[in-house]
Structures are given as C-alpha cells and as structure tokens.
Amino acid sequence: MKNNDNRTINPIREKIADTINISKEIILNTSKITLIGNKEITIENYRGITEYTCEKIRLISSPDNIEICGCNLCIKTMTKDFLYITGSIGCVSFCPERK
C-alpha cells in the first residue's frame, strides 16, 4: 500500500476505533506515549531501541521513530511492547522512518 493511501485509511480506522471502543493505538498501529511531568515517560507499542545513553534514547515506532533527550535517562522497565523511562526529560521528538 502506498504511503498516501494511509492518509485515507487512518481516518477510517479512527472512526472504527471510536465506534467499537478499541484503543486507537492498536487500530492505527502507532505508539501511545504518557508523560508524567518531565520525570517519567511510558511508551506502549514500540518496535525496538536503536540508541540508549543516559542523554538520549531512540526508538523504532510507527509511523515515526521517537527520540527522547534529557539527563540521567534510565529504562526502568522494558517488555516487548512497553517501556518505562525515568530521568530529567527535556524533549520528545518524532522523526520520520528512513526507507
């Protein structure tokens, strides 16, 4: 499926998720990010880690990769679909996937 087709499909998927009461991140195949202040972040539905230092964590995600920058960053809990990170979070950015 072409990339421009996703723009048409995503609104349809959002409506389906709303109608049948399913989490949008599951239907849209995207990550769910929860920040608690600038000290904690949880990321659900990520696909992998490409970089991990105490100042930067880069994640493979869909549709965009995620970059978390800060100080004293530490992954406290990691499962196949869930990350719990603590530290002083300065910035969360989304970077398009490289094809």
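The model is predicted, so local features need pLDDT of at least 70, side-chain atom pairs count only at pLDDT 80 or more, and totals for chains, interfaces and linings use all residues. Residues are numbered from 1 along each chain as its sequence is written, and side-chain values use heavy atoms, with hydrogens and water left out.

**The chain as a whole**

The chain has 2 helices and 6 strands. Helices (H or I, at least four residues) and strands (E, at least two) are DSSP runs, numbered from the N terminus. Along the sequence, the pattern reads α-α-β-β-β-β-β-β.

The chain holds 99 residues, and 25% of them count as buried. Buried means under 20% relative accessible area, exposed means over 50%, and partly exposed lies in between (1.4 Å probe, protein chains only). The accessible surface comes to about 6,700 Å², and carbon and sulfur atoms own 52% of that. Such areas come from the Shrake-Rupley method with a 1.4 Å probe; for residues, only the protein chains shown count as cover.

Contact means heavy atoms within 4.5 Å. Among contacts in the chain with a separation of 6 or more, 41% join residues 24 or more positions apart.

**The core**

A nonpolar core is a set of buried Ala, Val, Leu, Ile, Met, Phe, Trp, Tyr and Cys residues joined through side-chain atoms within 4.5 Å. The largest one here has 12 residues, including I41, I43, Y46, L59 and I89. Strands β2 (40–44), β4 (56–60), β5 (64–78) and β6 (82–96) each supply at least two residues of this core. The largest share, 4 residues, comes from β5.

Take I43, a member of this core. Setting aside neighbours within four places in sequence, I43 touches S31, K32, I33, L59, I66, I68, D81, F82, L83 and I85.

**Charged residues**

Side chains of opposite charge can pair when their charged atoms come close. A salt bridge is a side-chain nitrogen of Lys or Arg within 4 Å of a carboxyl oxygen of Asp or Glu. The count is 1 salt bridge. It links E67 and R58, with the closest N and O atoms 3.4 Å apart.

K76 sits in strand β5. Beyond its neighbours within four places in sequence, K76 contacts Y84 and T86. K76 and E40 are 36 residues apart in sequence, yet 10.0 Å apart in space, C-alpha to C-alpha.

How do these residues compare in accessibility?

| Residue | Relative accessibility | Class |
|---|---|---|
| E67 | 14% | buried |
| R58 | 23% | partly exposed |
| K76 | 52% | exposed |
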